[in-house]
Amino acid sequence: MELLKDKTAVITGGTRGIGLAVARVFLQNGAKTAILGSRKETAEQALEQLRREMPGCQAQGYWPDLTCREQVRQTMEQVAERWGGVDILVNNAGISQRTPLYEYQPGEFEKIMALNVNAVFLCAQAAAEIMRRQGGGVILNASSMVSLYGQPAGVGYPASKFAVNGLTRSLARELGRDNIRVNAVAPGVIATDMVAALPQDMTERLAASIPLKRMGQPEDIANAFLFLASDLASYISGAVLSVDGAAMV
């Protein structure tokens, strides 16, 4: 059964890692999928990979500046014009860092907030306007386990994800009247490129500390987004779903 048959989805940060896994599972479940990347080259590479895996899939790439209101609006409208609407938005783009407080450079905190918070707001606003016109939709945001527990360095990242949780819960209450559901997924330790770059002994310690005794895979997070995007979650809104193997940090 294709859970997203005839739906149109927009995924920011969709060119690698969790975002690419979300794009793949959405396409496998029948969604026409727009992948938003930071650069034309990365978007085209991701499209080539997906089309090689799934010949004939309906995927398209875009590369707007997500912190620019006008570029975001233009991209959303282009997707809507191409495929007849925007049914699902996944706000996955973001940056992480672990800079100690005393070592923050000028503008570093603001850069994190610009992409991790401001861009989420701008994309949600642009998509919601289209969703309201068409009678409803789903907005999904990428949070993090550190939004619940914090982290020992790099205060900007958990602060940004705390803000994402606040946006999620508040937008769910505001947009429910327009038949727009808003939820977030809070991943734990996931085997992405960033984690793969860590020393093996560190990743083994991380995995051993998780009750399920393994790190999550991008597909674990993609499946959570798939569930929340589908009609199986038709009465779920305002939730922040932890997908972390019961990890505590």
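Predicted model: local features only at pLDDT ≥ 70, side-chain atom pairs only at ≥ 80, totals over all residues.
Does P187 count as buried or exposed, and at what relative accessibility? At 11% relative accessibility, P187 counts as buried, where buried means under 20% relative accessible area, exposed over 50% and partly exposed in between, with a 1.4 Å probe and protein chains only. Residues are numbered from 1 along each chain as its sequence is written, and side-chain values use heavy atoms, with hydrogens and water left out.P187 lies in strand β6; helices (H or I, at least four residues) and strands (E, at least two) are DSSP runs, numbered from the N terminus. Leaving aside residues up to four places away in sequence, P187 touches I18, S143, S144, M145, I221 and V243, a contact being heavy atoms within 4.5 Å. P187 and S147 sit 40 residues apart in sequence, and their C-alpha atoms are 9.9 Å apart in space.

Next comes the sheet. It is open, has 7 strands in the order β3-β2-β1-β4-β5-β6-β7, and pairs in the parallel sense; two strands count as paired if DSSP finds at least two bridges between them. β3 (59-62) and β7 (240-243) are the edge strands, each pairing on one side only. On average, neighbouring strands are turned by 20 degrees against each other, direction ignored. For such angles, axes are lines fitted to C-alpha atoms, for helices over the stretch in contact, and values run from 0 to 180 degrees between N-to-C directions.

5 of the 5 residues of β1 are buried, so the strand is largely enclosed by the rest of the structure. In a regular strand the side chains alternate between the two faces of the sheet. Both faces of β1 are covered, with T8, V10 and T12 buried on one side and A9 and I11 buried on the other. β1 runs parallel to β2 (residues 32-36), and 5 bridges join the two; T8 stands opposite K32 in β2. To get from β1 to β2 the chain passes through α1, and this β-α-β crossover is right-handed: with the strands pointing away from the viewer, the path from the first strand over the helix to the second runs clockwise. β1 also runs parallel to β4, this time through 3 bridges, and V10 stands opposite L89 in β4. Further out, 4 bridges pair β2 and β3 in the parallel sense, and L36 faces Y62 of β3 as its opposite residue.

Helices cover the sheet too. α1 lies across β1, β2, β3, β4 and β6 (180-187), and runs at about 170 degrees to β1. Helix α6 (residues 156-175) packs on the sheet as well, touching β5, β6 and β7, and its direction makes about 160 degrees with that of β6.

As for nonpolar packing, a core here is a set of buried Ala, Val, Leu, Ile, Met, Phe, Trp, Tyr and Cys residues joined through side-chain atoms within 4.5 Å. The largest such core has 35 residues, of which V22, F26, I88, V90 and F225 touch the most other members. At least two residues each come from β1 (8-12), α1 (17-28), α2 (40-53), β4 (88-91), β5 (137-142) and α9 (218-229). α1 is the biggest contributor, with 8 residues. V22 touches I11, V90, A222 and F225, once residues up to four places away in sequence are set aside. Apart from this core lies another, of 27 residues, including V10, A80, W83 and I130.

C68 is in no disulfide, and the nearest cysteine sulfur, that of C123, is 11 Å away. C68 is partly exposed, with a relative accessible area of 24%, while C57 is buried at 17%.

Most residues other than glycine have a negative phi, and most peptide bonds are trans. N179, in the loop between α6 and β6, has a positive phi near 60 degrees without being a glycine. K213 likewise is not a glycine, yet its phi is positive at about 65 degrees. K213 is found in the loop between α8 (200-208) and α9, and it is exposed, with a relative accessible area of 57%.

Methods
Disulfide = S-S within 2.5 Å.
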